[in-house]
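Me: I am new to this structure and would like to learn how to read its features. Please guide me through them in order.

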Amino acid sequence: MARMKFLCDVERCIDCNGCVIACKEGNNVPVGVNRRRVITINEGRPGERSVSISCMHCSDAPCIAVCPVKAIYQREDGIVLVNKDICIGCGYCFMACPFGAPQFPSGQVFGARGAMDKCTFCAGGPAETFSEKERKLYGQNRIAEGKPPLCAAMCSTKALLAGDADVISDIFRKRAFQRGSGAGAWGWDKAYGGK
Amino acid sequence: MTNSLNDIRHSKLVFMIGSNAAEAHPVAMQHVLYAKEVNNAPIIVVDPRFTKLAAKATDYVRIRPGTDTAFVMGLINQIVSNDWYDKDFVRARVAGFPEMCKVASHYTPDVVEDITGIPASEVVRIAKLMATHRPGTVVWCMGGTQHSIGSSNTRAFCILQLVLGNMGKSGGGTNIFRGHDNVQGATDMCVLSHSLPGYYGIKDGSWKHWCRVWDVDYEWIKSRFHSKEYMNKKGFTLARWYEGVNQDDKINQYTPIKALIQWGCAGNSNSMLHRVKKAMDKLELVVIVDPFAPAMCTWGEKDNVYLLPCSSQYETSGSLTSTSRQFQWRFKVVDPIYESKDDYEIMAELVKRLGFADKFYKNIKKVPEDITREICKGTLTIGYNGALPERIKKHTLNWHTFDIDTLQAKGGPCDGEYYGLPWPCWTETHPGTPILYDISKPVAKGGLPFRARFGTKITYYDGRTEDLLAAKGVANPGSQVKGGYPEFKDIVPGTNWKTDLSQKTIKEAIKRGMAPFGNARARCVVWTFPDQVPVHREPVHSPRPDLIAKYPTYNDKPDQYRVYTRFKSEQNPDLVKKFPFVIITGRMVEHMGGGAETRSNKYLSELQPHVYAEINERTANNLGIRNGQMVWIESPEGGRAKVMAKVTDRVDEHTIFLPYHFAGQFEGKSLVDRYPEGMAPYAVGEPANIVTNYGYDIITQIQATKDGLCNVKPA
Ligand code: SF4
Ligand code: SF4
């Protein structure tokens, strides 16, 4: 079975935020909740690099390990999802996650957070596929429609790749080979630990 | 754009000057990055700011605003004096070369360093890089044009490509990225005061041509003007229309302007907005047509503004022309929502009420197809005539059959044609012209020589006479004339290729393997311009008094598009004492133009909620300004803007940058309550253009918003 992964090619990402907007518009994410974010380092200086980050859908995901109520689970294709009916909003996953992916609705004091929200790889959630409940709680289920996540589909420069790990790493390998350098696939070591 | 976005995939070098495509044209960047990765192409970015595009460059060159001509003439000088220029190309297809070289020779690396701030060694290095990586493409945007010498800048860029022999070649060309999907279309329709659609100008012949196309009586049109003189007189421009109201500079028109219709155009993109605001109250009538309530509807103190809600592009259909001269059909997604109407309907209603709908709708039965058809019929100058609505739709619907690299369809219903029939598309079977001035292909297959537009012979100011047609033996394959030839005329007596509506002339030319507009040389000398060869002139508001003395601006122009435009009388060497910083403006990727639409989107507003002024760390510390603090930016014209300081290395110590998309606040005062109820955008702020300066291009009168002066102080 295919293993779904994200790969953001930092040599290509131009910090246009197209991916962020595609995600928010397409999934009706509330203002203040960022399933995906673009981070820039060395802004305005040589060495400026941007990377688009969301939940990486880790192998051995730390968020799953620490969740006290087992609200987070991993599908067979590697996609990590949260069940908002079970989540108690404790925020442990946020502290365990190396990428700062889990999000909580803003405006409430610590300890009284709503259910965790994060990138679903556009695979909806545990509610019935294509149901109104799934759309409202989790957003679109494009994976069930056979489509890639919105962010990668709309990336202006094809920096952000999403899909079967074998396929996207081949695309990236080809690029790295053409560039003749070992351009970094940001975050892969941490997220996938070589798996 | 002589080539296309996709064609950049073939470039061996990409030279981008005055463009921040990473923010203004993010999707185009995939082709630039492809050239970088696959061709190992150097990406040279020349800009006063270390932009998001600069972050993707292999070679970033920081330039002092307004000195592009000096730098590029310096590159040309290196290329010529080191014998790196394309001698065959220059011999066969270029005119005015010795005259140009003589002018360029002034721009030695040291002179260039003094003017531009670019180290002399960099001038030599970049020139060599360009000479050793051919073909390379040259890209520019508003950073190149919005200067008092903008027209010299763009000509210098073209000459650079001529001496390198990069014109008419895949991977080469001069490629100006346009902002919207239809900016090229708007340009081609000449929504301007000095030309009728299709670049026909406003001479009698042009009027008569379009009267024939519209089937309208020329005498009737003439009778609509105050007098014949005004029919052929260039009108006010977008940059200075408000002077026609305010008359702070003397106008050359029998009456001040009394009414304004602002249609799909952001008022806050005008420079010196406090003067625009003043004009709003003097106008008798202001009509604004826009899908979102724009900045302008909040500025007037009088009750003279009408806001007509028009639909967005998704709620209508029609043809458009993209930056790569490609036509596309835009299909409607949903009907116009709320009480909005599409542009066609608003225009039709307006014309009806003005009482001449019967005159202008003779050819238009089916909207929008017949509009496209009428445009095609009349716009022969740039070969719109072959791009009929049916063909455009066929291309758009079969886009997947076209090759991403060559743009040519491989099989399918459009086999062999180029995507979007890039103009000129000379006949109903012509495949489109993917690369302008490419003499390697027959004209019928998308090839083209340089146009014979400026006569066949010229005697220059130095007394030398030159034949302007291409050299012997230089023509497209299959051309009946093996060498240069003038434009086609009198095939149908009394007409030429661009006025013969039967299109017999164009067809005859294509049949003979020739271009309807002739086969000539590209010229380095423009004898009708004040600077026949591009030379550096200091910005009207310059930070370098010493260079004002050496490279002064032009003499004032008493009647430039109906208004007195100051150049020399405005250039004051002492101005920099009070206004020590150079102010430049530009894009944020999240917002577009005046921002009425994007600032009304909650997600985009979340990403970029504030206007800010980029200030270098050293400058900020010297002025006692901290990151995030409010500051006043003050312009020599008296405009002031209160914005947040963003302390960053993007700009150098002398430069302040502001994004120009904001509105809803004016000189410290909120105007949010002035929007119609529920229409105020989420993100509001001070428009940068309150503090942009006086200054206009000598030819086009485009506003010089990329090289003014300002002062900054903590608020
Ligand atoms: S990125 Fe964070 S939230 Fe996503 S799977 Fe990994 S640990 Fe969990
Ligand atoms: S859309 Fe692509 S290029 Fe733009 S910020 Fe996202 S990942 Fe980067």
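**The interface and other contacts**

Reply: Let us begin with the two chains. In this predicted model, 29 residues of chain A are in contact with 27 residues of chain B.

Me: How many salt bridges does the rule find across the interface of chain B and chain A?

Reply: The rule finds seven across this interface. As a case to inspect, the side chains of R650(B) and E48(A) form a salt bridge, at 2.9 Å from N to O.

Me: At what angle do the axes of helix 18 and helix 19 of chain B cross?

Reply: Helix 18 (residues 369-378) and helix 19 (residues 389-397) of chain B have axes that cross at roughly 110° and come within 9 Å. Angles of 65 to 115 degrees count as roughly perpendicular, so helix 18 of chain B is roughly perpendicular to helix 19 of chain B. Helix 18 of chain B contributes E369(B), T372(B) and R373(B) to the contact, while helix 19 of chain B contributes P389(B), E390(B), I392(B) and K393(B). By class, these residues are four charged, two nonpolar and one polar.

Me: Which residues come nearest to ligand 1?

Reply: Among the 14 residues around ligand 1, the nearest are C55(A), M56(A), C58(A), C63(A) and C97(A). The shell around ligand 1 divides into 12 nonpolar residues, one polar and one charged.

Note on methods: Residues are numbered from 1 along each chain as its sequence is written. Chains are lettered from A and ligands numbered from 1 in the order in which they are written. This is a predicted model: local features need pLDDT of at least 70, side-chain atom pairs count only at pLDDT 80 or more; totals for chains, interfaces and linings use all residues. Side-chain values use heavy atoms; hydrogens and water are left out. Axes are lines fitted to C-alpha atoms, for helices over the stretch in contact, and angles run from 0 to 180 degrees between N-to-C directions. Helices (H or I, at least four residues) and strands (E, at least two) are DSSP runs, numbered from the N terminus. Angles under 35 degrees count as roughly parallel, over 145 as roughly antiparallel, 65 to 115 as roughly perpendicular and the rest as oblique. Contact means heavy atoms within 4.5 Å. Ala, Val, Leu, Ile, Met, Phe, Trp, Tyr, Cys and Pro count as nonpolar, Asp, Glu, Lys and Arg as charged, and the others, Gly among them, as polar. A residue is near a molecule or strand if one of its heavy atoms lies within 4 Å of it. A salt bridge is a side-chain nitrogen of Lys or Arg within 4 Å of a carboxyl oxygen of Asp or Glu.
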